[in-house]
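Hi,

Here is the structure I promised you, with the sequence alongside.

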Amino acid sequence: MAASRIISHPHRPFSPPPSQPHAHSSITLNFTLHPPKRCRFACVLRASLKENDLNDKADLFALPRPLTSTQLSDSVSDGPRLQVAYQGVPGAYSESAAQKAYPNCEAVPCPQFENAFQKVERWLVDRAVLPIENSLGGSIHRNYDLLLRHRLHIVGEVKYAVHHCLMANHGVKLEDLKRVLSHPQALSQCEHTLTKWGLVREAVDDTAGAAQYIAMHGVKDAGAVASSAAAKIYGLNILAQDIQDDCDNVTRFLMLAREPIIPGTDRPFKTSIVFSLEEGPGILFKALAVFALRQINLSKIESRPLRNMPLRMADDNSNGSPKYFDYLFYVDFEASMADPRAQNALRHLNEFATFLRVLGSYPMDTGTV
Ligand SMILES: O=C(O)C(=O)C[C@]1(C(=O)O)C=C[C@@H](O)C=C1
């Protein structure tokens, strides 16, 4: 087997999984970065490590402990309220998702996704809740990239039904509108309706931020696409409700923490990983087969450019021009890291993956949306 490159926690050495499942099995929730065989991956990994050097040092003095499943939806009963960072301003869907994930939490607004990651890393808040994909608009790529760049662990997921409203200042009618402001995802989820109305789209950082802007500046020729909660908070008039292109408009959010949770087998778990592969015919097929062979269902696959080294040289390329695009593959599979099938699948994948990291093993959101 190749040197271990399964990554999840920066400080403790990777320990091979026990052959028997074990309540507190922490297989890939630890990792060591052994010198990778291929230099270019070492460079990529080192670059990403540098960004987190400061956090590494801070962590050395206070190694976090894994969370238990019962701590997951912790509204800490006696202690202080859990603080949960989200991107946007009050009234954003992410705020509602944070409240759904952690019912008694104090939701903490952040201007950008990156700030939410940083707030958790710097111990300013306990968790972050961030959108990762939407049933109409697809993946939120920025958060895939940030999951890799930062060292947080996915500790849960929550699905949230998104109902968009078109809103404007009081006295403004639909016919008066020329423009509509919102988050790009929200605009894309209402594509058909906005086209029908002939409104020019303007992208802003979050839906509720659009509503806030319209209200604060008394804008008369533009509306906002946001939640009914945002209309209420910023005193706007709802001109149309449920304007998304499909009534089933669901966004999946991830809950992130400094500590991983102890994976269980008492309920359905999901595991999220990211890996890269060598170039070659059928190599992705081979990678996905490690799950198929063990009857493990995949629920999501996403590829993203390998940012520090986006182009790969062909082996036989003598003139030095790059030939291939290089990718990272993000896969969610339906098994817990405490399940030997998952451990074996990752051990198998690790034999030929050029990089592999476990982003988290967490209970699936099987509830109603
Ligand atoms: O702008 C918001 O209200 C958000 O919470 C962000 C966001 C997203 O990034 O996808 C979340 C849910 C909706 O899909 C639209 C926007």
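The ligand has 14 residues around it, and the ones that come nearest are Tyr93, Ser94, Gln189, Thr207 and Thr251. Do bear in mind that this is a predicted model.

Three of these names come up again when you look at the ligand's oxygen atoms. Ser94 puts a polar side-chain atom 2.6 Å from a ligand oxygen. With Tyr93 it's the backbone that takes part: a polar backbone atom there is 2.9 Å from an oxygen of the ligand. Gln189 uses its side chain, with a polar atom 3.0 Å from a ligand oxygen. As for cover, the ligand on its own has 360 Å² of accessible area, and the protein covers 100% of that.

So where does the ligand sit? In the largest cavity.

I also went through what the shell is built from. At least two shell residues come from each of helix H3 (93–101), strand S4 (127–134), helix H6 (184–189) and strand S12 (250–257). In domain terms, domain 2 (69–162 + 250–256) and domain 3 (165–241) each give at least three residues to the shell around the ligand. By class, there are seven polar residues, six nonpolar and one charged in that shell.

Cheers

Notes
Residues are numbered from 1 along each chain as its sequence is written. This is a predicted model: local features need pLDDT of at least 70, side-chain atom pairs count only at pLDDT 80 or more; totals for chains, interfaces and linings use all residues. Side-chain values use heavy atoms; hydrogens and water are left out. A residue is near a molecule or strand if one of its heavy atoms lies within 4 Å of it. A polar contact is a pair of N or O atoms within 3.5 Å; within protein, one must be able to donate a hydrogen and the other to accept it, and residues adjacent in sequence count only if both atoms are side-chain atoms. Accessible areas come from the Shrake-Rupley method with a 1.4 Å probe; for residues, only the protein chains shown count as cover. On a 1 Å grid over the protein atoms alone, a cavity is a set of points where a 1.4 Å probe fits but cannot get out, and a pocket is an open set with protein on both sides within 12 Å along at least five of seven lines; lining residues have an atom within 4 Å of a point. A molecule sits in a cavity or pocket if more than half of its atoms lie within 2 Å of its grid points. Helices (H or I, at least four residues) and strands (E, at least two) are DSSP runs, numbered from the N terminus. Ala, Val, Leu, Ile, Met, Phe, Trp, Tyr, Cys and Pro count as nonpolar, Asp, Glu, Lys and Arg as charged, and the others, Gly among them, as polar. Domain bounds come from an automatic or database domain assignment.
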